Amino acid sequence: MDTSNGKVVRSHCVGTTAVVYASDYLNKLTGEKIEHECRRQLNCGCRALVIDFSDTKLVNSIGVSILLGIIDVAEKCGARIAFSEVNNETVQLFEMLGLTRHVVLAKDEREALMNLSHYETAPIVH
Amino acid sequence: MSSRSPSENFRRILGRVVQQDFVGRAGELERIMVQAEPANAGRGLLLLMEPSAGVSELLRQAYDQLFNLRSDVIPIYFAITPHETTAVSAAIEFLNTFVQQYIAFRRNEPVVSNAPLTLQELLELAPPADLEWIEQLVESYNRLRFGNDDKALVRFCLGAPQRIPSGRGRAFVMLDGSQLAEYLNGAVVLGTEILRVFGRGSFSFVVAGLRRQILEAAHDAKCDFELLDTLRLEQLDTAEAAKLVEHVARRQQVATSEIARDLLVQQFAGSPFFINIFLQAAREKHASLISYVDCERLYVDELFGGHIHRHFADLLEEISPRLDTRHLLIRLLWEAAAGEDQVSSFEVWRKRLHMTASELEDVLHRLHVQEFVNWSGVIVEAGAGPQAWKDYLKIRYRLDVLNEPRALVVADMLADSLKRAPHTMARHYKQIADAGLRDLISRFNTHRVPTVLFDYQSFTNKYKGAESDAVISGLAAETEFFKLPQTIHLASCAAFFSEMRQICEEDHCLIAHTFEEGSYSDAQQVIWLAADIKSKLEVDLEVTRAWCDRLENMAQRLGFTRFQIWLISNEGFSEEADKLLQRRRVFNSNRQQLGLLAARISETVATEVVETSERDEFLMVVPMGEDNELIAANTAEQIAKRLSFRPEAINQIKTAIVEACINASEHSFSPDRKIYQRFRVESDRLVVTISSRGIVPANLNGANSGSETKQAAEERRGWGLKLIRTLMDEVEFERVDDGTSLRMTKYLRPQKSANE
């Protein structure tokens, strides 16, 4: 959980996957908080990220831009990323702005964790 | 002595506007009242006026205040008018005015101040206690009047206030229009005589005149400068000028808008004279001043044949009375002002105007005094003067010299003025935005500030994403501090290197001469070179290096031995750029750090205004920032719900509004930092209009931003408009004079396709 910058960004780890919770309005400020927390979790050794949008009612374009930045960072670290519990309107927005091409959308946190753990444990076939 | 009088008993005597309507010169009025106090008895005040800054009403208001105070100070106001043709006639008129206003005050009858009375009639009105000395004064005057010594007569008339017997009050003489005094015919130079006589009299006085002329007259009169104070009278600042426009418009019953008001303030550079005559013209022509077109139409009318035309025509006639030389002068002035090289020699002017040296000296002196040219004796620099003067010259040149058809010149001038109007406002808004950096550096005065405010990367590592309260408390807990120097001189880089104008706007690159610890020694002298780099993103290595090189080079060329470079960018600097900045010991900050630095030096206060609504239409104004776009979005949600929009559509409307608000906040250099929203409910649709004042961004002219070719991050920041177009059914930019207005429509049911 990131508490270094005032308002708390809720997060927890499940194995090597970090779950980060977005707030009700995702804009520049809250987006940067999430970015900060995601970077922190990746630096601590997490191999996958779930960003949970269950509380999120509204996302603006700057927020989406920051999410794309997080996806870039995760890709560079070789980490997988999933978004969970995104409401329909936000899904539409993500689709419009091409975000869904880069990220797995899951119904809820459990499904997201399952998807990511499946990827993590998938056997390498030669 | 207080300058305040109980308004219920206050009598307006010479003032042309009521006390409450006299705006913009409160400080100056207060200063004149101080001059009338006993402590300043025998002292003079020179009001050094910028041309067209307006002084007459200020002196008339001072007269009214002093008259109403009923103290022992007897106000005397005298204006030299163009009707006076000789120094003698002006001096006689002064004597008459003095006696009249003295008697009016002593009788406490304001009406006497304005009545057309002869000296003989005034004698009949004189109070018994004053009759004897006034009779003696008139007798002496009559003796001198029929003598041959004009100088003695002038001095006698001007010295009349010191003949008031003791115990009958102290005269406080306010002389207005002294710029005319120099040019009166006759052997006596009235301006010099006024200052000579007043300077040696025992009474207090104010002499108002053009700043370039009055100081020269004081030197010529060999005034004792220890007994003279000066007060500079310049154009009004933006806020005061705006207030003046509002007051005068109300008084003249001219309908105006905020947009028109602000344009007039900028176009006339806060000149009370031009603002007054322009609004007077609007009243005479029954013109409303709502839009830019309204203002510019009237302006062009005024240039071609109204008050502004007459003002400049009269001045030109005074400067060059002969018609043939006036034409040559117009040609020379315009060609010099419009050409690249505005500086030429006295000899060049003499040849072009076919004048003798003394004739040209006279013309140049008058032009210099009016600040239409800067003349040093050898070199003449044209191109000065207010915009209205330049426009007037241009039309006179085209009409009189080029003989172009009047209709064409009128149409061109109107089109040019209209095209110029948004640029005038944009320049003003940029100046306001840039004033931040200029103002900030100018206020450096050995304050201790956290070092992290000059290091973007450290700041970002510590505070990125933090709430403002958390940042403030974090900064308060910082342990590393930097002591700002004391700024003693600040100027644009362009003032040192004119080529900098090609690279950035004037106030984006500044040079400050400072001293550390406020200690004035070579060892403590540091020159700061600050540049505000315009960028929506973090500035990259290449741009950062270019700016470092540029400023270092500049410091070397100017011979600065100790200097400090400070780079500022909206979004800070990239990691690679940061390494370079650290290596070269360059201070660097983003906009947020700049704001925090300013807050450390002084507090700023935000305001919020909410307006009322009417039937089927909701109006709302919210300040930019602080997530206030959510307030707008939530309001739209409530309204949309009443119209039974589907939840999905409601969310689309909300997102579009949020994006429109962000666009308005990010791009506009808005002067009032407010977003104006209008929600109009119709039977089948909701129309939302989001407006803001300020600059129209280049990519918001109704077309797509064309950001595909830009780099990815910048492209993402251009998504707002694209999103709005996708989410709403109709999106269009409304034409407005000042700023942007985005109208978005959402239909209650989906629109039918063209095939249906």
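Is B:Ile379 buried, partly exposed or exposed? B:Ile379 is partly exposed, with a relative accessible area of 37%.

## Basis of the report

This is a predicted model, in which local features need pLDDT of at least 70, side-chain atom pairs count only at pLDDT 80 or more, and totals for chains, interfaces and linings use all residues. Residues are numbered from 1 along each chain as its sequence is written, chains are lettered from A and ligands numbered from 1 in the order in which they are written, and side-chain values use heavy atoms, with hydrogens and water left out.

The areas come from the Shrake-Rupley method with a 1.4 Å probe, and for residues only the protein chains shown count as cover. Helices (H or I, at least four residues) and strands (E, at least two) are DSSP runs, numbered from the N terminus.

## Chain A

Chain A contains 4 helices and 7 strands. Read from the N terminus, its elements follow the order β-β-β-α-β-β-α-β-α-β-α. The chain has 126 residues, of which 52% count as buried.

## Surface patches of chain B

Patches are made of residues with over 30% relative accessible area and no salt bridge; like charges are joined within 9 Å, and nonpolar side chains (Val, Leu, Ile, Met, Phe, Trp, Tyr) within 5 Å.

A negative surface patch is formed by B:Glu538, B:Asp540, B:Glu542, B:Glu575 and B:Glu576. The place of a charge is taken as NZ of Lys, CZ of Arg, CG of Asp or CD of Glu. B:Asp540 lies in the loop between strand 13 (525–533) and helix 23 (541–557) of chain B, and it is partly exposed at a relative accessible area of 37%.

## Salt bridges

Side chains of opposite charge can pair when their charged atoms come close. A salt bridge is a side-chain nitrogen of Lys or Arg within 4 Å of a carboxyl oxygen of Asp or Glu. By this rule there are 49 salt bridges over all chains. One of them joins B:Glu109 to B:Arg107, with 3.2 Å from N to O. B:Glu109 is partly exposed at 29% relative accessibility, and B:Arg107 is partly exposed at 32%. Another salt bridge links B:Glu648 and B:Arg646 at 3.3 Å, N to O; B:Glu648 is partly exposed at 30%, and B:Arg646 is partly exposed at 45%.

In the salt bridge between B:Arg366 and B:Asp362, the closest N and O atoms are 3.3 Å apart. Both residues lie in helix 17 (residues 357–369) of chain B, 4 residues apart, about one turn of the helix. An α-helix has 3.6 residues a turn, so residues three or four places apart point the same way. B:Arg366 is buried at 14% relative accessibility, whereas B:Asp362 is partly exposed at 36%.

Which residues are linked with B:Arg261 and B:Asp262 in a network of salt bridges? The network also includes B:Glu246, B:Glu258 and B:Arg693. Helix 11 (residues 258–267) of chain B has 8 of its 10 residues buried, so it is largely enclosed by the rest of the structure. Among the buried residues are B:Arg261, B:Asp262 and B:Leu263. The helix is followed by B:Ala269, whose phi is positive, near 50°.

B:His247 lies in helix 10 (residues 238–252) of chain B and is buried at 13% relative accessibility. B:His247 and B:Gln20 are 227 residues apart in sequence, yet 9.3 Å apart in space, C-alpha to C-alpha.

## Cysteines

A:Cys44 is exposed, with a relative accessible area of 57%, whereas B:Cys295 is buried, at 1%.

Definitions and conventions: Lys, Arg positive; Asp, Glu negative; His and termini not counted. Buried < 20%, exposed > 50% of the residue type's maximum accessible area, 1.4 Å probe, protein only.
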